[in-house]
Amino acid sequence: MPETVEGASAPVELSVVIPVYNEEAVLPLLVDRLRPLADSWGVSYEVLCVDDGSSDATPVLLQRLRREWPQVRVVRLRANAGHQAAISAGLARARGDWVATIDADLQDPPEAIGEMLAVARAEGVDVVYGVRGDRASDTAFKRLSARAFYRSIRALSAVDAPVDAGDFRLMSRATVDAVNALPEHHRVLRLVVPALGFPSASVSYTRAARAAGESKYPLGKMIRLSVDSLTGFSIAPLRFATWLGLLGGVAALGVLVYAVIAMLLGNTLPGWTSTVVIVAAVGAVQLLALGILGEYVGRMYAMLQGRPSYYVAHDSLVDSSARARR
């Protein structure tokens with residue numbers, strides 16, 4: 001269930017959750033494109049903008065937008081919590097029977113939301129994924145790394161994640177409630193949602209270039225997301241460490257047999273190079289195995305701490321309701 005929000009009695013059929021971080025350049029473009037579309041969908045809606053601790057003029061623009069567009073609702077986080085945490089905050093507070101998530105950079109077309117809603121109703125599914133049918137606007141490295149990411153996850157885990165489907169999707173209220181009920185931290189929603197196994201469909205679209213501003217997903221964050229995805233949904237790395245240990249043991253046994261045979265044949269001259277290579281190889285395997293185990297132990301440690309992934313500073317819907325009662 002969504003978080004209890006005072007003054008939220010008016011029914012909302014569709015919530016559009018938009019995580020926003022330092023997007024002052026693209027916000028006016030997003031509004032000009034999204035508002036006429038939302039008004040044409042023929043449903044009651046809210047546009048829930050989650051300000052992920054922006055440090056530019058984004059908070060000012062959002063407050064101005066809220067006064068000009070009644071359906072806009074602003075949730076501001078106290079500090080930058082990250083893209084996935086911002087979406088989670090939006091899902092926890094969204095009131096709609098259907099909830100769409102979309103980034104503010106206009107690389108994913110808001111026009112597809114109406115198509116997603118129509119597909120969900122026509123086919124009776126709980127989730128409609130936006131699948132990037134054409135990624136020509138992305139760099140070759142990003143296209144290659146994205147395909148490698150999705151195919152690796154599908155191969156190493158039981159999650160049947162759609163290839164080239166990011167965080168642009170439409171979910172039913174049942175799906176959102178199921179996601180909100182999960183206790184895990186550092187959740188990767190593009191894998192969490194498929195892992196639920198709810199009936200789904202997809203809508204293909206052409207991914208555009210960023211309309212304005214700079215990407216908020218540099219290489220470091222992409223690597224962190226990949227590590228969280230792998231350790232959160234697969235135990236294959238642990239099994240890999242086990243196999244490394246077994247192979248190391250077989251190699252050590254082979255060296256022992258070789259040493260015994262060499263001793264019996266009288267060929268016992270010390271070999272400095274072979275000793276260094278063997279010690280270095282065994283040490284590398286041990287360090288790699290420890291690193292893999294450390295990733296899983298770190299996730300368990302974070303779960304035991306139970307710290308929230310984000311902290312909400314204010315919600316414009318709650319604040320306006322409080323002022324109305326005074």
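Reader: Why does D108 count as buried?

Author: This is a predicted model, and the values are computed from it. D108 has 2% relative accessibility; buried means under 20%, so D108 counts as buried.

Reader: What makes the contact between R207 and D108 a salt bridge?

Author: The closest N and O atoms of R207 and D108 are 2.9 Å apart. The cut-off is within 4 Å, so the pair qualifies as a salt bridge. The pair links distant parts of the chain, with R207 in the loop between β7 and α8 and D108 in the loop between β4 and α4, 99 residues apart. R207 is buried too, with a relative accessible area of 7%.

Reader: Why is R33 called partly exposed?

Author: R33 is at 31% relative accessibility. R33 forms a salt bridge with E111, with 3.0 Å between the closest N and O atoms. At 37% relative accessibility, E111 also counts as partly exposed.

Reader: What makes the pair E46 and R73 a tie between separate parts of the sequence?

Author: E46 forms a salt bridge with R73, the closest N and O atoms being 3.3 Å apart. E46 lies in strand β2 and R73 in strand β3, so the pair ties together parts that are 27 residues apart in sequence. Both E46 and R73 are buried.

Reader: How do you know that helix α7 is largely enclosed by the rest of the structure?

Author: Of the 8 residues of α7, 6 are buried, so the helix is largely enclosed. Among the buried residues are L189, V192 and P194.

Terms used
Residues numbered from 1 in each chain as written. Predicted model: local features only at pLDDT ≥ 70, side-chain atom pairs only at ≥ 80, totals over all residues. Heavy atoms only, no water. Buried < 20%, exposed > 50% of the residue type's maximum accessible area, 1.4 Å probe, protein only. Helix = DSSP H or I, 4+ residues; strand = E, 2+ residues; numbered from the N terminus. Salt bridge = Lys/Arg side-chain N within 4 Å of Asp/Glu carboxyl O.
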